[in-house]
Amino acid sequence: MKKAYLLRNAEVLKSFDVDTVFDVNAIVSHILFAILFDEVRYVQSDADLQALERTARGKTDMVLGYVQMLGTQEHRALMETVFVYGAKYQFILTTGGSILEHLGVGLSSRSSGMWFLHCRVHRGFMSLMTSDRCPLTPMRKPLSTLSLHSFLQLMEAPLVSEVYEDPSSVQPPQPPHLQTPQLFLFSRPSTEHLDLDTATTLAWRLRGLALLVLVHRESPAVKTPEDYNAAYRLPGQGSEVTYLTLNNLEEAMELFIDGDGDEEEEGEQDEGEEEDEEDEEEENWLTLDILDDEIGESVYRQRGRSLDMDSITQLTTDDFHAAVAQHSLTVALFYLKWDAVSMAFLSSFIEVAERLAESEVPDVQMGVVDCGEWTDLCAAQPFSSHPTPFQPITAFPSILLLRPQEPAQHYRGMLGSEALHRFITLSRVASPVPLSTQEEVTSFLQTAPLPDLAGYRPDRVLGLFQSQSHAGVPVFIEAAMSLRGEVLTGLVTDSLAGRWATHQAPDLPVVLVFRSSGTHTRPSALPLPSSAEELVTHINTALLHTLPELTVENLPSYLALGKPLLLLFVGEEEDERGRRENEAVLEEMRGVVERGASETERSLACWIHLGRTPAGISVLESYLGSLPALPALVLSHLPTGGEVYHYPPNTPIVVHSVLHWLQSIEDGNEPPAGMMADEHWTPAVPFYDFLSVMDQEVPGYAQQRTPKSKEKKRIEEEEQEEGEKEKEKEEEGEEGERRPSGGGGMEGDQRRTQRDPSSKPSPPPLHSEL
């Protein structure tokens, strides 16, 4: 049987049977389990647990995790938690046995769980430590990395907090207790000790469910009427506090545990009740489930919805080549199930497949390849007698368009259903389209080639050649095939090409580029280069507009130019007057581009319509700190730094004023209106910063694993090696002085140059920890 091996410094730490590391969760959990083997104790019986409790009593708290099976998502979450908190708590793992009876897990509800064992002597609840067993608190949420982290942070919170102000004035819980309810009990001076004992007893019963706050009524800041003896605040309700009168502790428990709580502890609920409870619990903790990545959050919220895969073909190593050979066009999505972007796009991919099926598009196959399962196929490893028509897949998700006996074509557009559907539809058109009559050329330039493209105006490229046998025709055909799906390409030869060239270009061969929109309809005439790659570059450059409207779709292509942005923001037109005003200011900007070629050559003049592209609103606010009056003209993305210049808002945007403003900026006479923040990708909330948590528990624990430390070590090793070489050079120099100096001068110079410390290359810059 095949095995996977975990090695450290060329030594085998552990081996795994391949069938035990069946997915990414299994791989991560087993590797962490092997690395942290000394920090996790495995138990099955209550006697084993009791022995560990006696050892830990008065020294450290313990965390007990139960998973039904190793290698699952729950096992991975537990091991990741051990990696962070292993130095602070003793972790225990069990997969079943008699220990479950002690934990109160019933036969009908043996789902994975976590318990916190309070074995360390805690000030304030000594009376609860009289038993031989450590008090335990169950975690009532499903096992996940975030829920485990929040639960452990909640266990470190004070058992009872005492305040001398009204509950409405008490701050709501802050991270990492953001989603924890608060229960307020009121205390009188005459019964202060009794009230504290009652609060402590109740706090233990509510451990992990709510934070208990004892409010001292003798403070003049407490305004709550005497009729109430308790209050509570639920998460997600801001500062709203609800006041009530409780008669016993059970009524307080019922605020946070429903009437079926006892049955839940005994594990006797049926499956329907468990599902209802999980749904309710998920709603109560909804905000905590928000991830710091929007795509990951979207996938997480849709985790319970199964995708209908009937409209797509699931390709494997065994049938991939046969499936591609049977269809004129195969669109293949290479994805990973654990990758959030892949799973988010998979639903869009299925939507496109369903649209093509409804339109009865012939001979287009939509297929997917799970690269976590079929690694040899995604790695483009040769198998059987068929060569793999693509290079190894290294980015996910990746989309390839495959045709029999042709190299694969990468889709590089937006990861959305509309953009992909349009790309596939354009790919079905011949590239280039042979045009032999004047009517065909006119139809090519003015009408949609397919009904599905009605209303869409693609860019068009026309190649004009003296004859079909011209040497430049294969170059144009290769470039057209590379641009298939992005633009429409047509080929005109012989006398018809000569007639078109008379009106559009002086000489043949020539390539005419017709942009899809813009005020100028005259095409760009390009000479024919010697290679298809160069022609593709020239065509893509010609397709860029001189004053383009920036959208989410085309922004990457313009940012790739690396130029500063002379960016005009215009608002949505409410009436005809607003439309005319926007058109007038755009016409002035076109004049700036035409008349101020020298000033605008170094920057890209462009504009954003905030009605069609609402994302531009946040961009403008980030530039200037607030939303100014529209239209607004700014200059940003300068190579000198993050300066942002704002055209004077009270000055009309006219050609000569804009050119004068640009010249003033170049001369250094214009102060910047703002600075683009040098933002780093940080966690959305502080308690998601797990590296900081690790460093808080064991100072330097996470920091010593950063590239900076490794870089310092490498530099020290190089310096030590250089010192040894220097010592060796001095010894050779002393020996050389005793030798005759004939014919070896050049060698000696070379040797000295090679061993000169100043010739050592400077080390690369140190990277940031993240």
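A salt bridge is a side-chain nitrogen of Lys or Arg within 4 Å of a carboxyl oxygen of Asp or Glu. The structure is a predicted model, in which local features need pLDDT of at least 70 and side-chain atom pairs count only at pLDDT 80 or more, while totals for chains, interfaces and linings use all residues. Residues are numbered from 1 along each chain as its sequence is written, and side-chain values use heavy atoms, with hydrogens and water left out.

The protein chain holds 26 helices and 27 strands. Helices (H or I, at least four residues) and strands (E, at least two) are DSSP runs, numbered from the N terminus. Of the 770 residues in the protein chain, 41% are buried. Buried means under 20% relative accessible area, exposed means over 50%, and partly exposed lies in between (1.4 Å probe, protein chains only). A contact is a pair of heavy atoms within 4.5 Å. Among contacts with a separation of 6 or more, 70% come from residues 24 or more positions apart.

Salt bridges were searched for across the whole structure, and 18 were found. One of them joins the side chains of Arg-577 and Glu-581, at 3.2 Å from N to O. Both residues belong to helix H20 (residues 576-595). They are separated by about one helical turn, because they stand four residues apart in this helix. Arg-577 is exposed, at 57% relative accessible area. Glu-581 is partly exposed, at 46%.

Helix H20 holds another such pair, Arg-590 and Glu-587, three residues apart, about one turn of the helix. Their closest N and O atoms are 3.0 Å apart, in a salt bridge. Arg-590 is buried, with a relative accessible area of 18%. Glu-587 is partly exposed, with 45%.

A further salt bridge, between Arg-133 and Asp-46, has an N to O distance of 3.0 Å. This pair links distant parts of the chain, 87 residues apart. Arg-133 sits in the loop between strand S6 (113-117) and strand S7 (136-138), whereas Asp-46 is in helix H2 (residues 46-56). Arg-133 counts as buried, because its relative accessibility is 16%.

Asp-166 presents another case. This residue is in the loop between strand S8 (160-163) and strand S9 (182-187). Asp-166 is buried yet has no salt bridge. Lys and Arg count as positive and Asp and Glu as negative, with His and the chain ends not counted. On that basis, the nearest side chain of opposite charge is Arg-217, 6.9 Å away. Residues up to four places away in sequence aside, Asp-166 touches Ala-221, Val-222, Lys-223, Thr-224 and Tyr-243.

Backbone geometry was examined next. Most residues other than glycine have a negative phi, and most peptide bonds are trans. Asp-363, not a glycine, has a positive phi of about 55 degrees. Asp-363 lies in the loop between helix H12 (340-358) and strand S15 (364-370). Its relative accessible area is 38%, so Asp-363 is partly exposed. Asp-494 likewise has a positive phi, of about 65 degrees. The residue is placed in helix H17 (residues 494-504). Asp-494 counts as partly exposed, because its relative accessibility is 43%.

A cis peptide bond, with omega about 0 degrees, joins Ser-431 and Pro-432. Pro-432 is in the loop between helix H14 (417-427) and strand S18 (433-435). Leu-630 and Pro-631 are also joined by a cis peptide bond, with omega about 0 degrees. Pro-631 falls in the loop between helix H22 (615-624) and strand S25 (632-636).

Gly-97 lies in the loop between strand S5 (90-94) and helix H4 (99-103). The C-alpha atoms of Gly-97 and Ser-45 are separated by 5.9 Å, although these residues are 52 apart along the chain. Gly-97 counts as partly exposed, at 39% relative accessibility.
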